[in-house]
Amino acid sequence: MTTPSTKAETYDILVLGSGEAGKYIAWTLAKQGRRVAVVERKYVGGSCPNIACLPSKNIIHSAKIASYFFRSGEFGISKDNCRIDLAAVRDRKRKMVTGLVDMHLANFKSSGAELLVGSGHFTGAKTIELTQPDGTKRLLQGAKIVISVGTHATIDAIPGLAEADPLTHIEALELDRIPEHLLVLGGGYIGLEFAQAMRRFGGRVTVIERNAKLIHREDDDVTDAVHELFRDEGIEVLTNAHVSKVEGKSGETVMVHVTHAGTEKILTGSHLLAAGGRTPNTKGIGLELAGVGLTERGYIKVNERLETTAPDVFAVGECAGSPHFTHIAFDDFRIVRDNLTGGIRVTTGRQVPFCLFTDPELARIGLSEMEAKKSGVAYRLAKIPMMAALRTRTLSETRGFMKALIETKSDRILGFTAFGVEAGEVMASVQVAMHAGLPYTTLRDMIFTHPTLAEGLVALFSAVPPVAKPGG
């Protein structure tokens with residue numbers, strides 16, 4: 001174990017956590033000749049390639065393929081003897097994850113950044129004690145420190161919930177048999193994506209949401225469309241449902257006591273998925289000893305340059321309260337990279353695109369109607385059904401719509417929302433136009449390849465109402 005006389009190993013950059021922002025900072029600065037080390041407790045490369053974004057989308061794609069089998073008659077194909085082998089689905093995901101981890105290890109090796117496996121906690125200013133898997137300890141100091149420790153699934157303080165040993169997204173990705181009846185606590189991104197996937201694999205699914213609607217921060221037409229999708233796919237949804245206690249064990253029999261529509265109910269299922277939010281991984285790592293302050297919600301307190309309250313210490317990604325997206329964590333890397341090398345780069349005013357990977361997808365960039373009205377921003381609305389993009393008809397994927405908000409007195413695009421097939425890909429073109437400050441007429445007048453989904457943007461922006469004439 002370390003002692004007060006233990007000599008510290010010194011680095012130019014010391015990164016705690018190998019998530020998206022942390023690993024790119026390490027690789028980039030190590031290639032520039034800095035001495036860099038990354039302390040990682042378990043998941044090389046962070047949650048995205050191991051237990052979150054990429055493996056979940058892998059499982060979701062398998063579920064989409066399954067849905068095609070069950071719709072096969074629509075495409076003139078027999079579905080005789082169709083069977084879902086969830087263990088094989090899991091193994092496909094594992095194979096992908098193994099390849100991603102190997103890729104990360106190769107990047108560490110080629111960049112020259114040291115990967116130190118073990119648990120790290122601060123013992124003082126810019127000083128981390130590393131406990132390695134064999135129990136031995138090393139003392140590490142960095143001229144600059146970057147904290148990239150991420151978040152974990154929140155287990156709410158509901159009586160019996162923790163004792164029920166619920167699934168989180170981590171365990172749900174490792175299921176080798178289809179849940180007979182999956183109860184999902186939470187109608188956000190994780191809950192909805194897993195709910196649809198498990199339903200498409202053949203399980204019964206019930207979503208329990210405390211708010212009045214699923215993804216309740218979105219516009220009414222968006223939430224209504226998601227509710228309709230789940231109803232059509234046979235997923236039961238209880239909104240305004242308040243859980244009082246949980247009994248039993250997930251994976252065996254679990255009972256969730258809820259109050260819904262003024263009535264107390266007991267929902268019985270085989271599995272329980274806790275998808276009610278995220279908690280930052282900031283407890284028990286000695287941040288107070290390093291002079292790093294926290295917000296009331298337990299996130300690391302940072303300014304617009306991602307600097308913490310401690311000199312020469314940065315925090316990035318979800319633990320710093322950045323929007324919980326890997327692409328935002330990557331931008332956090334760019335901000336810290338530039339600021340560490342003499343630049344001035346901030347988080348203020350950056351774009352935050354998102355995509356919910358249900359099928360079809362929900363993608364949005366910029367203002368929603370709800371946000372515009374709340375902020376008093378006047379807008380012109382253009383909205384078309386997805387089937388106006390003729391490519392959707394060739395795919396038999398016509399569900400959904402696209403809409404755009406255009407500034408009232410100019411042609412500036414304020415926001416874009418798509419609920420439809422490949423919505424995230426279509427959004428990218430609009431996002432680039434918004435970032436470049438291009439008027440909506442640029443997209444309206446583009447020559448897109450026919451038949452593609454992007455071609456639907458011509459129809460959408462052709463539907464923008466004209467600027468109102470004075471006094472009209």
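A charge sits over a ring if NZ of Lys or CZ of Arg is within 6 Å of the ring centre and within 35 degrees of the ring normal. I started my notebook with that rule. The model I am reading is a predicted one.

**Entry 1: charges over rings**

I looked up arginine 35. Its charged end sits over the ring of tyrosine 11, 4.1 Å from the ring centre. Then I turned to lysine 383. Lysine 383 lies over the face of phenylalanine 401, at 4.4 Å from the ring centre.

**Entry 2: ring against ring**

I describe a pair of aromatic rings by the distance of the centres and the angle of the planes. The count for this model comes to 10 aromatic pairs. I picked out tyrosine 24 and tryptophan 27, an edge-to-face pair with 5.1 Å from centre to centre and 70° between the planes. Both residues lie in helix H1 (residues 20–31). They are three residues apart, about one turn of the helix.

Is tryptophan 27 buried or exposed? I found a relative accessible area of 6%, so tryptophan 27 is buried. Tyrosine 24 has 28% relative accessibility, so I noted it as partly exposed.

Next I took tyrosine 189 and phenylalanine 354. Their pair is tilted, at 5.8 Å centre to centre and 45° between the planes. This pair links distant parts of the chain. Tyrosine 189 is in helix H6, phenylalanine 354 is in strand S17, and 165 residues separate them. Tyrosine 189 is partly exposed at 29%, while phenylalanine 354 counts as buried at 8%.

I also traced a cluster. Ring pairs link Tyr24, Trp27, Phe108, Phe330 and Phe333.

**Entry 3: the open sheet**

I followed four strands in the order S10-S9-S8-S14. They form an open sheet, and the pairing is parallel. Which strands are at the edges? They are strand S10 (236–238) and strand S14 (271–274), each pairing on one side only. From one strand to the next, the twist averages 20°.

I checked S9 against S10 and found three bridges. Threonine 206 stands opposite glutamate 236 in S10. Helix H6 lies across S8, S9 and S14. H6 runs at about 165° to S9.

**Entry 4: the nonpolar cores**

The largest nonpolar core has 36 residues. Val184, Phe201, Val205, Val207, Ile215, Phe230 and Leu273 touch the most other members. I listed elements that give two or more residues to this core, including helix H3 (53–70), helix H4 (86–111), strand S8 (181–185) and strand S9 (204–208). Apart from this core lies another, of 27 residues, with Ala404, Ile413, Val426 and Leu460 among them.

I then looked at valine 207 itself. Leaving out residues up to four places away in sequence, its contacts include Val184, Ala195, Leu214, Phe230 and Val237.

**Entry 5: a hairpin**

Strand S12 (residues 253–260) and strand S13 (residues 263–269) pair in the antiparallel sense, over seven bridges.

**Entry 6: alanine 320**

I ended in a loop. Alanine 320 lies between strand S16 (313–315) and helix H8 (326–340). Its relative accessible area is 9%, so alanine 320 is buried. Beyond its neighbours within four places in sequence, alanine 320 is in contact with Tyr299, Ile300, Val302 and Ala315. I also compared its place with threonine 449, 129 residues apart along the chain. The C-alpha atoms of alanine 320 and threonine 449 are separated by 42 Å.

Methods:
Residues are numbered from 1 along each chain as its sequence is written. This is a predicted model: local features need pLDDT of at least 70, side-chain atom pairs count only at pLDDT 80 or more; totals for chains, interfaces and linings use all residues. Side-chain values use heavy atoms; hydrogens and water are left out. Buried means under 20% relative accessible area, exposed over 50%, partly exposed in between (1.4 Å probe, protein chains only). Contact means heavy atoms within 4.5 Å. A nonpolar core is a set of buried Ala, Val, Leu, Ile, Met, Phe, Trp, Tyr and Cys residues joined through side-chain atoms within 4.5 Å. Two strands pair if DSSP finds at least two bridges between them. Axes are lines fitted to C-alpha atoms, for helices over the stretch in contact, and angles run from 0 to 180 degrees between N-to-C directions. Rings of Phe, Tyr and Trp (its six-membered ring) pair if their centres lie within 6.5 Å; planes under 30 degrees apart count as stacked, over 60 as edge-to-face and the rest as tilted.
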